[in-house]
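Thanks for asking me to look this over.

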Amino acid sequence: MKKQQGQGQYVHKRTTQQTMAQVWKCRWLYLMLLPVIVYFIVFKYVPMYGITIAFQDYNIFKGMFGSKWWGFTTFQKVFADANFWSAIKNTLVLNLMTLAINFPLTIIVSLMLNEVAGMKFKKLTQSVLYLPHFISWVVVAGIATNLFTQNDGTINNIISSMGGSKIPFLSSEGWWMFTYVILQVWKEIGWGTIIYLAALTGVDESLYEAAYLDGATNLQRIWYITLPMIKSVVVTMLILQISKMMTIGLDAPLLLGNDKVMGVSEVISTYIYRIGIVRAKYSDATAIGLFQSLVNIAILVLADWFAKLIGEEGII
Amino acid sequence: MAQEATSTMNKKKNKFTIGKFLNYFFLTVLAFICLYPFLNVVAYSFSGYNAVLSGKVTFYPIDISLTAYQTIMKNSQIWSAMWVTIFTTIMGTLIGLILTIAAAYALSRDYLPGKGLLSGLILFTMYFSGGIIPTFLVVKGLGMYDSLTSLFIPQAVNVFNFIVMRTFFRQLPTELEEAARIDGANEMQILFKIILPLSIPIIATIGLFYAVNYWNSYFDALIYITSPDKFTLQLRLRNLLFADELANAGGNGEGIGTQVMSQSLKMCCVVVATLPIICVYPWLQKYFVKGVMLGSVKG
């Protein structure tokens, strides 16, 4: 009986006995899963329980279980701090600026690459454009300092040798935001084209032929055929990017930022780092982190709902 | 008819037009912009002290000098950081691969009771996490603070990599596996003798994902490591590059006391830290693009 019911067969409403038999058959698989599950519980789910310290007057010596509970006091304290709102504003501003420049530019570069007929040129250009993606932010920040420093950065040397006045790329707030966006675009633009290029190779050639026979110019062909064909990918990518609006990786702003531009470079992640790790205010930092996670989830659910509403694939 | 159109199209594609010229021109400019910062760094690293000070270096080295490289070769801090990074990269990649393969294989099996719940347990951590501080406290509580294990254990499994691998396992043809099962092979034998040999490309991809990540990461070392002899290359690099700034800010650890280095020496460190990535880049690129494509097919 057991042997006849082969593995991989679905039996509706299995009896408990049959389920147990199936579980026993899969014992090796469970054994393989065991370390992974332990890993996720210890390093992901225990920290989730650790969020409780946001509701406590956390004391290192008393620990998570001994510290005094004080409800939302930490949150009240955090929300009353102007720096917190400034960090949220900076996160949104930097993300929106990057999105506004990077998103259309990535699509344009994809279209340009797609138009290239010479395979060698295309491959070579792609290789060069992907390269910055693999470079660590520490290195990028180092290179950026070398290029953009006001006193003897390469770019300012060139500007002053041409008679211009030096620009404070990294030390005035406005220019710093400009430099930050440039570096983000520089690092990720090539990498971003991968998804679009894949979608572009999927476009039916016969549509191009039809357009050609109808006498369409190259630009008309791109506007009326290519773009509508990849619309769905564009919309999905846009929604995906928007759902990440409240998050900026800590690397770029922490490494590029300095005291002079703190007013625009301090984003949520760097704020959490400075409060939590540098100043060891564990409860405050955890509360901020929790707030950020919750907002993230809300945006994600909204974005997913919106994607489905306009007939695209969901993103969760 | 269609063929005729295609051939005329090809002819048209080969025709020189202003638009096409501009397209090639702008792409070349873009490629140059992507490449130039690296040229600049290499130029600085090989340039003489005075040439750098007078700000003459832009594209190529001036007064070629190997002093910076000689200094680096003799610097024991850089070498110890290099070894720490090599060690964490190898350990992290191995552990990451083993755990990811195990999880992805087991949870790609349709007949595993409870696979939905267990997959959900893993995927949920992508959307919600305890955050930096609770994780930090757990790592500290486990006695991993200021130990090299803190650099590769807490981040051992990446959920995105797990999804990519599970997608790959799911789309493997099942015939071979079923044949082996009829011959009486057990799960372990099927995994090692049938699935893994078919999965070399994806294992390479995921391995490279992990390796690049560990090579480039500095934040874990920044928050978990206090002894300078356990610093990773990226953290050491950060402290060298921004030594003056960190000293001003009174920042972490050894910022103060590190002598302010010459610009060519700093750029030389950048070259040393980036060279391994550039060396494996041809393979990286090929496999990474594949990985991204697999990852975009949702699990």
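Are B:Y105 and B:F169 buried or exposed? Please keep in mind as you read that this is a predicted model.

1. Let me answer that first. B:Y105 is buried, and B:F169 is buried as well. Their ring centres are 6.1 Å apart and the ring planes stand at 90°, so this pair counts as edge-to-face.

2. B:Y105 belongs to helix 5 (residues 76-108) of chain B, while B:F169 is in helix 8 (residues 159-170) of chain B, so the pair ties together parts that are 64 residues apart in sequence.

3. In chain A, ring pairs join A:F55, A:F72, A:F75, A:F79, A:F84, A:W85 and A:F291 into a cluster.

4. A:R221 lies over the face of A:Y208, 5.3 Å from the ring centre. In chain B, B:K140 lies over the face of B:Y145, at 4.9 Å from the ring centre.

5. Finally, a helix crossing in chain A. The axes of helix 6 (residues 119-130) and helix 9 (residues 173-201) of chain A come within 7 Å and cross at roughly 130°, which makes helix 6 of chain A oblique to helix 9 of chain A. Helix 6 of chain A contributes A:Q126, A:L129 and A:Y130 to the contact, and helix 9 of chain A contributes A:G190, A:W191, A:T193, A:I194 and A:L197. Sorted by type, the residues of this contact are 5 nonpolar, 3 polar and no charged.

Terms used. Residues are numbered from 1 along each chain as its sequence is written. Chains are lettered from A and ligands numbered from 1 in the order in which they are written. This is a predicted model: local features need pLDDT of at least 70, side-chain atom pairs count only at pLDDT 80 or more; totals for chains, interfaces and linings use all residues. Side-chain values use heavy atoms; hydrogens and water are left out. Rings of Phe, Tyr and Trp (its six-membered ring) pair if their centres lie within 6.5 Å; planes under 30 degrees apart count as stacked, over 60 as edge-to-face and the rest as tilted. Helices (H or I, at least four residues) and strands (E, at least two) are DSSP runs, numbered from the N terminus. Buried means under 20% relative accessible area, exposed over 50%, partly exposed in between (1.4 Å probe, protein chains only). A charge sits over a ring if NZ of Lys or CZ of Arg is within 6 Å of the ring centre and within 35 degrees of the ring normal. Axes are lines fitted to C-alpha atoms, for helices over the stretch in contact, and angles run from 0 to 180 degrees between N-to-C directions. Angles under 35 degrees count as roughly parallel, over 145 as roughly antiparallel, 65 to 115 as roughly perpendicular and the rest as oblique. Contact means heavy atoms within 4.5 Å. Ala, Val, Leu, Ile, Met, Phe, Trp, Tyr, Cys and Pro count as nonpolar, Asp, Glu, Lys and Arg as charged, and the others, Gly among them, as polar.
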